[in-house]
Amino acid sequence: MIATLVRLKLTLLRNGLRRSPWQVVALVLGLLYAVSVVTVVGAGLVALRFTGADVAGAVVVGAGTLAVLGWALLPLVAFGVDETLDPARFATSAVPRRQLVPGLLLAGFVGLPGLVTLLLSLAAAAALARSLPAAAIAVAGALLGALTAVAASRASTTAAAALLRARRARDVVVLVVGLLVVLLGPGINLVAQRVEGGAGDLAGLGRDAAAVAGWTPPGFAWAAGADAAAGRWGTALLRLVLAAAVLAAVLGAWALALGRSGTGPATGGGPARSAAVRGGGLLERLPATPAGAVARRCLTYWRRDPRYLVSAGSLAVVPLLLVVLPLSAGDGSGRWLLATGPLVAFVTGWSLHDDVAYDHSAFALHVAAGVRGRDDRAGRVLAAAAWQVPVVLVLAVAGALVPGRADLLPAVLGACAALLGAGYGVSSVASALVPYPVAAPGGNPFSTPRGAATATVLVQLATTAATTVLALPALVALVLALTWTPWAGAAGLVVGLALGGLWTWLGVTRGGALLDRRAPEVLAVVSRS
């Protein structure tokens with residue numbers, strides 16, 4: 001069964017390449033990037049053979065630990081995981097988990113991220129192969145480390161998806177993850193202060209950090225090879241055993257999470273109640289128009305859909321991070337709070353650039369009912385603005401008043417208006433012109449549908465650049481207010497409000513016209529999962 005799952009992954013990838021020439025282009029571009037990364041980073045790791053065992057060990061342990069943590073955490077906030085073999089599709093196949101989990105784990109290496117990780121892990125082992133026994137332990141540790149990294153990504157996203165189905169649990173998850181991310185700021189600041197203050201050189205600090213990381217679960221596998229290279233054979237074997245135990249624990253956690261999420265039917269967080277009972281007066285105040293109906297449905301998504309909640313929860317990280325960093329750095333750094341409003345405005349407006357994809361097959365109702373594209377665009381913008389504009393306004397005012405720069409408030413508000421309006425406008429056009437599939441309703445909100453990874457990155461880069469360029473005049477006014485005279489902020493406020501309204505109106509009208517012409521094509525793309 002394990003070999004069958006690997007062959008199935010290869011077959012699905014091959015069929016995907018035959019179906020679309022763009023997937024071939026994306027694969028070629030991805031291969032070129034992967035080859036460049038493996039060549040440059042791999043050469044650097046192999047070159048560590050010509051350094052001391054302590055230096056090579058510290059680098060390998062530090063890099064390996066970060067790689068495992070990156071695999072475990074980044075899919076929760078950024079890229080998601082490849083769900084070509086979605087575990088939910090095996091729910092009715094009676095595949096035992098003791099075969100399903102190892103098969104899905106090995107299938108995770110059939111793809112560029114897994115393959116790159118495996119190759120770089122072997123390059124790290126080569127850096128520590130100072131003798132034949134040391135090489136054997138280093139290779140075993142590298143393989144355990146790579147397996148743990150891929151398994152951790154699946155376990156974390158599957159467990160988070162199961163937790164997010166319960167409303168109280170997902171609130172706790174969003175809070176805890178946000179706090180953990182925010183704590184990275186003071187940690188980095190303390191490290192910088194220690195190096196700057198002469199408490200230790202950077203190399204010594206790196207060795208100390210690697211020594212600590214080597215006794216943590218993500219670092220056991222990599223530290224085993226470092227111990228073997230240094231001749232500490234007993235410690236190397238101990239850490240190798242601990243690394244195997246960590247892998248077994250991660251696989252067990254993954255199997256347990258699959259029992260709650262991946263191999264059973266999706267369950268809700270409790271009995272549903274009507275929008276009039278749960279939504280309060282906001283839904284009732286929306287206009288009784290097609291755009292208002294779309295806005296009501298989208299507001300329900302923002303309140304109940306785990307995929308939307310993950311996006312909204314990530315917004316909390318920006319203001320918290322910009323508050324904690326100045327507090328940990330001391331006086332003179334409150335100016336960073338001025339960026340809180342503009343950054344949140346950019347992220348909130350930009351977050352709608354693929355909003356139509358979250359409808360999935362339900363978008364067919366729009367097509368069948370003949371909903372005008374303009375009404376669809378306006379409803380989505382209205383639903384987002386109903387809660388995003390107050391949040392941005394509060395953060396912008398607080399970001400200017402807390403550090404005592406009320407004179408810069410007009411410039412900050414102008415930048416916020418321009419970024420938010422540009423984001424709404426670009427998003428309204430992009431979601432009709434270049435939509436890409438996302439996780440299906442009820443599925444894992446941290447997964448990326450098969451064949452959508454490259455399209456996701458390209459569209460996100462393009463929409464980010466477009467939003468920034470369209471808001472540039474107001475951003476220039478903010479910079480002038482900061483560096484030249486605060487009076488430039490008055491002009492920035494006028495320009496920002498004008499640009500925000502203009503880009504939103506153009507996006508809704510032009511994006512609506514695009515959606516009217518391309519509704520069948522959009523439906524075909526967003527219905528994929």
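**Helices and surface of a predicted model**

Trainee: Which residues of H9 are buried?
Mentor: In this predicted model, the buried residues of H9 are Phe 220, Ala 221, Trp 222, Ala 223, Ala 224, Gly 225, Ala 226, Asp 227, Ala 228 and Ala 229.

Trainee: Where is Leu 32, and is it buried or exposed?
Mentor: Leu 32 lies in helix H2, residues 21-47. Its relative accessible area is 56%, and Leu 32 therefore counts as exposed, the cut-off being over 50%.

Trainee: And what about Leu 118; where is its place?
Mentor: Leu 118 is in helix H5, which covers residues 112-128. Leu 118 counts as partly exposed because its relative accessibility is 23%, a value between the 20% and 50% limits. Leu 118 and Leu 147 are 29 residues apart in sequence, and their C-alpha atoms are 8.5 Å apart in space.

Trainee: At what angle do helix H19 and helix H21 pack?
Mentor: Helix H19 (residues 409-433) and helix H21 (residues 472-483) pack at about 160°, with their axes 8 Å apart. That angle makes H19 roughly antiparallel to H21, because angles over 145 degrees count as such.

Trainee: Is the crossing of H19 and H21 left-handed or right-handed?
Mentor: H19 and H21 cross in a left-handed manner.

Note on methods:
Residues numbered from 1 in each chain as written. Predicted model: local features only at pLDDT ≥ 70, side-chain atom pairs only at ≥ 80, totals over all residues. Heavy atoms only, no water. Helix = DSSP H or I, 4+ residues; strand = E, 2+ residues; numbered from the N terminus. Buried < 20%, exposed > 50% of the residue type's maximum accessible area, 1.4 Å probe, protein only. Axes fitted to C-alpha atoms, helices over the stretch in contact; angles between N-to-C directions. Parallel < 35°, antiparallel > 145°, perpendicular 65-115°, else oblique. Left-handed = near helix turned anticlockwise from the far one by under 90°.
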